[in-house]
Amino acid sequence: MRSVFPVSLALILVLTACGQQADEAADGPAEDAQETLGSYDIDPQSGEVRATHTDAAGVTTTMRAGETVEARLPEPFTVYPGASVTNTTRVEQGDGAFVTVEFNTPDEREKVVEFYRRQSRDAGIEPEVEVSAGATTTLGGENRERRSSFALQVTRVSALTEGQVSIASGFD
């Protein structure tokens, strides 16, 4: 069920910025030579992906993704109780954080949806989108005043509910 659009988007943005710097370096020294603005590496042991980028204004964005990355969501959101986390992606920039956690649980999909519906309301986000089709439910919303949003997608697969929750907080 892996819906990786939010993760892919964050990764593409970070890598594009890093790739632009690498392209400039490959063309030879520029008239306005600058220090390296970013880095990207993959830990050969864990497979964790790490990237950083500093833009022209000096704002640094970091990204970590992998099975061993801590699944720490912006408050008041938490990982579903008893769920097995299978992957986490965390992008941070200044006070902002974008976190996607993929997980599975034996609990029914409706129970997972209700858990995150309550958490979103606790965060001041009234779910604006809810779509159920077949074995999949998508739930999401945002609170522009609090600069936060969330999206949840859960699918019942055999005896497991597979889910992906994405929370953004603190971005302008």
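**Notes on the predicted model**

1. **Burial and surface.** Of the 172 residues in the protein, 37% are buried, where buried means under 20% relative accessible area, exposed over 50% and partly exposed in between, with a 1.4 Å probe and protein chains only. The protein exposes about 9800 Å², and carbon and sulfur atoms supply 50% of that area; accessible areas come from the Shrake-Rupley method with a 1.4 Å probe, and for residues only the protein chains shown count as cover.

2. **What the values rest on.** This is a predicted model, in which local features need pLDDT of at least 70 and side-chain atom pairs count only at pLDDT 80 or more, while totals for chains, interfaces and linings use all residues. Residues are numbered from 1 along each chain as its sequence is written, and side-chain values use heavy atoms, with hydrogens and water left out.

3. **Layout.** The protein has two helices and nine strands, in the order α-β-β-β-β-β-α-β-β-β-β along the sequence. Helices (H or I, at least four residues) and strands (E, at least two) are DSSP runs, numbered from the N terminus. Among contacts (heavy atoms within 4.5 Å) between residues at least 6 apart in sequence, 48% join residues at least 24 apart.

4. **Helix H2.** With 14 residues, H2 reaches 20 Å from its first C-alpha to its last, close to the 20 Å expected at 1.5 Å a residue; the expected span is 1.5 Å times one less than the number of residues. Its buried residues are Arg109, Val112, Val113, Phe115, Tyr116, Arg117, Gln119 and Ser120. These pack against strands S5 (96–105), S6 (129–133), S7 (136–143), S8 (148–157) and S9 (160–169). An α-helix has 3.6 residues a turn, so residues three or four places apart point the same way. After H2 comes Gly124, with a positive phi near 80°.

5. Gln119 lies in H2 (residues 109–122) and counts as buried because its relative accessibility is 9%. Beyond its neighbours within four places in sequence, Gln119 is in contact with Pro76, Phe77 and Thr78. With Thr78 there is a side-chain polar contact of 2.6 Å; a polar contact is a pair of N or O atoms within 3.5 Å, where within protein one must be able to donate a hydrogen and the other to accept it, and residues adjacent in sequence count only if both atoms are side-chain atoms. Pro76 itself sits in the loop between strand S3 (60–66) and strand S4 (84–93), and the peptide bond joining Glu75 and Pro76 is cis, with omega about 5°.

6. **Nonpolar cores.** A nonpolar core is a set of buried Ala, Val, Leu, Ile, Met, Phe, Trp, Tyr and Cys residues joined through side-chain atoms within 4.5 Å. The largest has 19 residues, and those with the most contacts inside it are Phe77, Phe103, Tyr116, Phe150, Leu152 and Val165. S5, H2, S8 and S9 are the elements that give two or more residues to this core, and H2 supplies the largest share, four residues. Apart from this core lies another, of seven residues, among them Ala65, Val91, Phe98 and Ala168. Leaving out residues up to four places away in sequence, Phe150 touches residues including Phe77, Tyr116, Leu139 and Ile167.

7. **Salt bridges.** How many salt bridges are there? The count comes to 13, taking a side-chain nitrogen of Lys or Arg within 4 Å of a carboxyl oxygen of Asp or Glu. Arg50 pairs with Asp43 at 3.2 Å between the closest N and O atoms, and with Glu48 at 3.6 Å. Arg50 is partly exposed at 30% relative accessibility, whereas Glu48 is buried at 7%. Salt bridges that share partners join Asp41, Asp43, Glu48, Arg50 and Arg64 into one network.

8. **Backbone spots to look at.** Most residues other than glycine have a negative phi, and most peptide bonds are trans. Arg147 has a positive phi of about 55° although it is not a glycine; Arg147 is in the loop between S7 and S8 and is partly exposed at 34% relative accessibility. Ser158 also has a positive phi of about 55°. Ser158 is in the loop between S8 and S9 and counts as exposed, at 71% relative accessibility.
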